[in-house]
Each structure stands twice: as structure tokens, then as C-alpha cells.
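Here are some notes for your next look at this entry. Please keep the structure open as you read.

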Amino acid sequence: MKKIRIRKTIANPIKTYETSASSYWFDDIDTDFSYKVDNKRHVDHTKLAAAQRAIGNFVNIVTGKQIPVHFQNNDESYTDGESVTIGSKIEEKNFDATVGLALHEGSHISLTNFNLLDSLQIGSRFHSHIAMRGGDPNMDMIQEDIIKVKDLFNWVEDRRIDYHIYTNAPGYRKYYDSMYEKYFNAKIVDKALKSNEKTDEDWDSYMFRIINLTNPNRRINALEVLPQVWNLIDLKNINRLKTSEDALNIAIEVYKIIRKQINDNQAKKQSTKDPGSSSRKNDSENQKTKSSSNGKSRSASTKPEDDELSQKEKERLEKQIEKQEDFVNGNTRKIGKLSKKDTQIVKSLKDSGTENNPVNTNMGAGPIYNVDCIVIKKMTHSVMCHMDTIFNSYDLKHNKTPSAYYGPGKGVMEGIILGKQLGKKLQLRNEEKSLKSTRLNAGKIDRRLISQLGFQNANVFHRIVTDRYKNFFIHISIDASGSMGGNRFRNAIKSAVAIAQAASMTTGIRVQISLRGTSDLNGNMEKTVTVYAYDSAVDKMSKIKSYFPFLRTYGCTPEGISFKSILPYIKAEAKGDESIFINYSDGCPSSVSGVAWTYNGIEFTKKIVNEMKELGINVLSYFIDGKADGYASSYFKRMYGKNSEFIDTCNLTQISRSMNNKFLELSESI
């Protein structure tokens with residue numbers, strides 16, 4: 001692979017990366033899912049979760065089906081015919097191969113008839129199919145023989161499936177190439193194929209040589225009937241096999257050829273067991289016969305001693321063969337294994353739609369200084385239990401209900417009461433007023449007046465004017481930095497919950513509530529973390545009642561960096577409705593690890609707020625417990641403009657009432 005040199009951040013010095021199949025979509029072509037702190041390696045949970053989610057999307061795209069892809073804390077990968085399971089740990093060195101493996105297993109769900117493998121017992125449907133095709137003429141097969149046919153079928157079916165995906169989804173070829181490189185093109189296999197290893201006329205030798213027929217180092221003449229097998233499988237025309245039944249029929253024919261050869265060879269050996277010189281003579285003749293059938297003498301094909309495998313190499317080969325057999329059997333191993341805790345964290349982040357949206361903090365021309373910004377798109381029970389740096393995880397996991405007399409719990413209860421009072425006024429939004437004007441000279445034809453056209457009356461048109469209330473998209477962003485703790489945070493929650501409660505009692509208002517702060521996420525360097533705690537489009541008020549009491553403050557004040565990381569979502573989700581961005585804050589922006597040396601939090605926040613306004617988003621910003629004098633007020637006004645307000649936490653109800661008045665603005669439609 002081509003190697004390039006890049007710089008990710010100030011904290012990550014120049015490193016050489018190999019371009020991978022994922023280089024077009026992975027940030028900075030870096031598929032390293034760990035980071036180093038104090039000389040210890042840690043799992044990058046967010047990046048690993050994003051990778052797992054991307055792999056699942058790839059499987060759905062390639063197969064055209066919504067196939068579940070699970071990642072669990074073991075080292076096995078397989079499919080059960082309905083879902084794909086992959087070892088939870090993904091590393092830089094095996095990422096592309098893991099993607100290829102997931103695509104391979106997913107394509108089986110889409111294209112393989114698993115009903116053929118109902119059972120591998122004597123008398124099963126699978127056995128009956130073998131017998132009908134002449135694979136068991138004497139009805140003397142044992143279960144071990146049935147498994148041999150199954151192994152052959154798996155391999156032929158793999159070739160059929162992989163060819164289909166390889167040709168119909170060319171953009172994913174590199175993942176398949178990496179998968180084959182990992183499982184089938186190991187150096188020890190290359191050397192074994194060139195040597196006289198695995199050239200006995202037995203089942204193990206044939207399976208090894210057949211499994212590696214895709215390897216460029218294959219030797220078709222290494223075994224007597226391998227040329228027949230090669231011609232029968234006909235890899236160049238594997239696309240002639242349209243169904244799993246076609247692949248099974250080929251596997252049965254291959255089994256018949258190999259079984260006959262092994263039986264005949266064993267019979268010859270049995271007939272030459274007489275003691276004396278005649279036995280040695282017969283052995284010599286048999287050897288010559290075998291060499292002749294290969295088209296060249298065995299001595300001529302024997303490699304120099306240096307090319308043969310040492311004992312250690314033979315042991316390595318057996319391990320690689322085991323890995324290949326596991327792959328053929330749909331049970332690959334050694335993908336990697338995460339700890340149970342890491343697996344749970346990664347799964348919770350993946351299920352919550354957590355993403356890393358890097359933000360360039362360089363405000364002028366020059367190099368890009370991206371800061372990692374974690375956005376948790378859905379605050380789930382699992383995320384709250386595992387992210388103890390940003391939630392009250394301990395109480396939640398131990399079912400300890402926070403007090404309703406102080407903290408966020410009190411804010412939730414007071415907010416719901418206030419919201420219900422305001423929501424009663426919003427019942428007016430559910431009403432529509434229509435006024436019909438008729439006998440007009442333009443508009444829509446009034447069918448009741450058509451008859452008057454014959455009396456030279458041209459005023460037969462009408463017009464209906466309907467007054468409807470505007471649709472609103474409201475995103476409430478709460479500063480969850482440490483300085484907001486106590487009454488400030490509780491009352492910000494109260495106001496936000498009041499708006500959400502009032503909106504839930506009417507139609508046409510979508511409310512989102514997010515919290516922003518910074519966290520090291522259990523050992524990583526500090527990052528901006530924004531949590532979508534509530535979205536009325538998918539959540540009910542019961543979520544606020546159940547989970548908001550477990551909210552807490554965390555870290556510093558990222559302000560503009562956080563706003564920029566969620567701006568793409570706001571643009572996409574507003575869908576043309578009147579958009580309002582409400583900000584609750586109590587201080588100025590703080591710095592975050594990795595920002596540009598020219599970074600100015602105040603000016604950067606002002607820039608992002610202006611971007612919002614240019615997009616037609618109304619920005620309402622409230623400085624909690626702030627006074628309209630001093631340096632803080634001037635900074636706040638500079639960031640958020642003249643419409644920013646300084647309020648007392650005791651008067652937060654004024655915000656809710658002013659929002660209530662705005663919700664009752666009419667939008668005329670015809």
C-alpha cells in the first residue's frame with residue numbers, strides 16, 4: 001500500500017499511515033482505534049463505535065437488506081442466517097479485513113439458502129440430497145463424511161457469493177482483497193503450496209489444496225485428481241452457479257472424485273502390504289504410476305531442501321490451516337477481543353448514534369486545527385450508565401432516585417407544572433380559521449356559480465384563506481459546565497422542561513434539549529461533549545421525568561465549538577420550519593485541548609452565532625445570574641448580539657412566557 005505522512009493534531013505528532021480501503025471516509029486515513037496516555041494504550045470508544053456503525057451500514061448497502069450486525073466481547077465472527085456477529089475489537093492492522101468479513105457474512109444472509117443445512121445427521125435432508133446426487137451409492141456414509149461435503153459446499157458457496165459481491169459492488173473490492181490476504185495468502189501458506197507439504201493422497205491434503213485454489217501459488221498437479229477437481233469447480237466461470245443448490249451439487253461431485261481416489265489409494269496400499277522385495281517393488285511401481293499421472297516425476301517436483309518447511313513452520317502452517325477452516329465453516333477467530341466493560345461502552349455509544357464531528361478552530365488561513373467534538377445523538381439508559389464522567393451513573397445503575405427537592409429533579413418537577421400552565425394557552429394552536437370569499441374575478445372556479453357563465457357573469461371564482469399557526473423547530477442548548485452547578489443548572493432545566501411540556505400539549509412544535517460541556521471520557525484528552533437529552537420527535541415527556549434527574553454538570557464551557565459540531569444536524573432537522581436556538585449560559589468560552597494557537601473563544605463563538613443567523617436561525621441567548629455590567633457582559637453581548645439578555649434564575653419563567661407568545665404567531669396559507 002502507498003504510505004503517506006500526515007499530522008492529525010498538535011497532540012498527535014507526525015505519523016506514517018498506510019492508505020486503506022477506508023482512507024476516503026476515515027479521518028486523516030487513520031484507523032487506529034486507541035490512544036496513548038501516560039504510556040498506556042486506551043480504547044477510543046467513540047471512534048470504535050463509529051467504525052462499528054459504518055461497518056453495519058456497509059453490510060446493509062451491499063446486500064440491500066437491513067441486516068443486524070452485532071459486535072460482542074469474544075473473538076468469534078459468524079452468521080446465524082439472520083444477523084452477523086463480529087468480534088468486538090477492531091484494530092488498525094485488521095480493519096479492512098474485518099469490513100470484508102462482515103460483508104462476506106452479510107452476503108450469505110442475502111444469497112445463501114440456509115435451509116439446505118437443516119441438519120448434518122444421517123438421514124437428514126442434507127444427507128438425502130447427497131444420496132440423490134450419487135454421493136452415497138452404498139449408503140455407508142457416516143456423519144464425518146457428511147461434514148466433509150458440508151465443508152466443500154461452504155467453500156464453493158463462498159466463491160459463488162464473493163464473486164457476486166465482488167462484481168456487483170466494485171467499490172468494496174479492496175475490503176475483500178484484505179480479507180483474502182489475511183486468511184488465505186499468508187506467507188507460510190505460500191511456502192507450503194510451493195513445497196511438497198500436504199501432497200499425500202488423503203482428505204487433509206485435498207482440503208488444504210482446494211481451500212487455497214484462489215492462491216496464485218497453487219499447484220494443480222500436487223495431487224492426482226486435483227486437476228479434475230480444478231476443472232470441475234472452474235473458478236473462472238463460477239458465476240454459472242446461480243443458487244446454493246448449484247454450489248452443493250458441485251461440492252457433491254468433488255466429494256465423489258476425492259472419495260473414490262482416497263478409497264482406491266487405500267486399496268492399493270492394502271494390496272502391497274505383503275513382506276519381502278515384492279512389496280518394495282510394488283511400492284516403487286506405484287510411485288512411478290503416481291508420478292506419471294501428475295505429468296512429471298515426483299523427484300522432478302521435489303523442491304530443494306531449503307524450500308521445505310521446518311518443524312516450527314509446520315506448526316505455524318497448522319495454525320493457519322485451522323484459521324482457514326474456521327473461515328470456511330463460518331466461524332472465524334482471532335479478530336480481537338475487548339474487555340466486557342469496553343464492549344458495553346462501545347455498544348452503548350454505537351446504539352446512541354454517537355459521532356465525532358471535528359471542528360476546525362483556525363479562524364484564518366493556514367493549517368487545519370481540528371478539535372474532536374463528541375455528539376451523543378440520543379441519551380439512552382445504557383449511555384447514562386456507562387458515561388460516569390458526564391452523568392450521575394452510580395445512582396442510575398443502583399436505582400437510586402435523586403431527590404425531587406433539589407438539583408435537576410426539582411427543576412424537572414417545577415418545569416412540568418409551569419409547562420402545563422403555559423400549554424393550556426397553546427391549545428389555540430390546534431384551531432384553524434378559514435374565510436371563503438366568492439364571486440371574485442380570479443382564483444379557483446366555484447362550481448356552484450358555473451351556471452351563471454351563460455348570463456355573462458364572469459365573477460365565478462372563489463378564494464379560501466386559512467389561518468394556521470407557524471411550525472417551529474426549537475433547539476435548547478444548556479451550558480453544563482461546572483460553574484452552572486446548583487440553582488443555575490436546576491433553573492435552566494426548569495425552563496427547558498417547561499417549554500418542552502407546553503409544546504407537547506399542541507402540534508407543530510418540535511423541541512430538542514441538549515447539554516454541552518467537556519470531558520476526558522475516562523482517560524482520553526479533554527473533548528467537547530454534547531448530549532442530545534430530549535427530542536420531541538422521538539421521545540415522550542416520560543423520558544424527561546425518568547432521566548433528567550440524573551443529569552449533572554461536567555467540564556468547562558465549549559460554547560462556539562459545541563455549536564459548530566451540531567449545526568449540521570440543526571440545518572437538516574429544521575426542514576424549513578421557523579428555527580429558534582435558545583442558549584443558557586453563565587460564562588465565557590474556555591479553551592479545549594488541540595485548538596489552534598490563534599483560537600479566541602469569544603470571537604469563534606461570535607462567528608458561529610453569525611453563521612446561525614445567516615441560515616435564518618433565531619438565536620436567543622440568556623446569561624444566567626449575570627449583571628449587565630463588567631467584562632463578562634461585554635463579552636456576552638459581543639458573542640450573542642444585542643438580543644442577548646441577562647436574567648436572574650428566579651425569573652426564568654419570563655423566558656417561557658415570551659416563547660409562548662411567539663408560538664401563537666399566525667402563518668397565513670391559501
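1. Where is the place of N399? N399 sits in a loop, with α15 (393–397) on one side and α16 (407–425) on the other. Bear in mind that this is a predicted model.

2. The backbone at N399 deserves a look. Its phi is positive, about 55°, although N399 is not a glycine. Most residues other than glycine have a negative phi. N399 counts as exposed because its relative accessibility is 69%, and the cut-off for exposed is over 50%.

3. E559 also has a positive phi, about 40°, and is not a glycine. This residue belongs to the loop between α18 (541–547) and α19 (560–574).

4. Is E559 buried or exposed? E559 counts as buried, because its relative accessibility is 0%. The cut-off for buried is under 20%.

5. Another polar contact, of 3.3 Å, links the side chains of E559 and S585. Leaving aside residues up to four places away in sequence, E559 touches R516, N583, S585, G587, P589, T605 and Y640.

6. Now the second largest pocket. Its space comes to about 440 Å³. The elements that give two or more residues to its lining are α4 (143–168) and α5 (173–183). Of the elements, α4 gives the most, with 4 residues.

7. Which residues lie nearest the centre of the second largest pocket? They are R159, Y166, Y180, T214 and L235, out of 15 lining residues. By class, the lining has 8 nonpolar, 5 charged and 2 polar residues. Please show the charged ones as well as the nonpolar ones in any figure of this pocket.

8. Helix α13 covers residues 340–351, 12 residues in total. From first C-alpha to last, α13 reaches 16 Å. That is close to the 16 Å expected at 1.5 Å a residue.

9. Which residues of α13 are buried? The list is D342, T343, I345, V346, S348, L349 and K350. Note that D342 and K350 are on that list, and both count as charged by residue class.

10. After α13 comes G353, with a positive phi near 70°.

Definitions and conventions: Residues numbered from 1 in each chain as written. Predicted model: local features only at pLDDT ≥ 70, side-chain atom pairs only at ≥ 80, totals over all residues. Heavy atoms only, no water. Expected span 1.5 Å × (residues − 1). Buried < 20%, exposed > 50% of the residue type's maximum accessible area, 1.4 Å probe, protein only. 1 Å grid on protein atoms, 1.4 Å probe; cavity = no way out; pocket = protein on both sides within 12 Å on 5 of 7 lines; lining within 4 Å. Points joined across faces, edges and corners; volume = space filled by probe spheres on them. Polar contact = N/O pair within 3.5 Å; in protein donor to acceptor, adjacent residues only side chain to side chain. Contact = heavy atoms within 4.5 Å.
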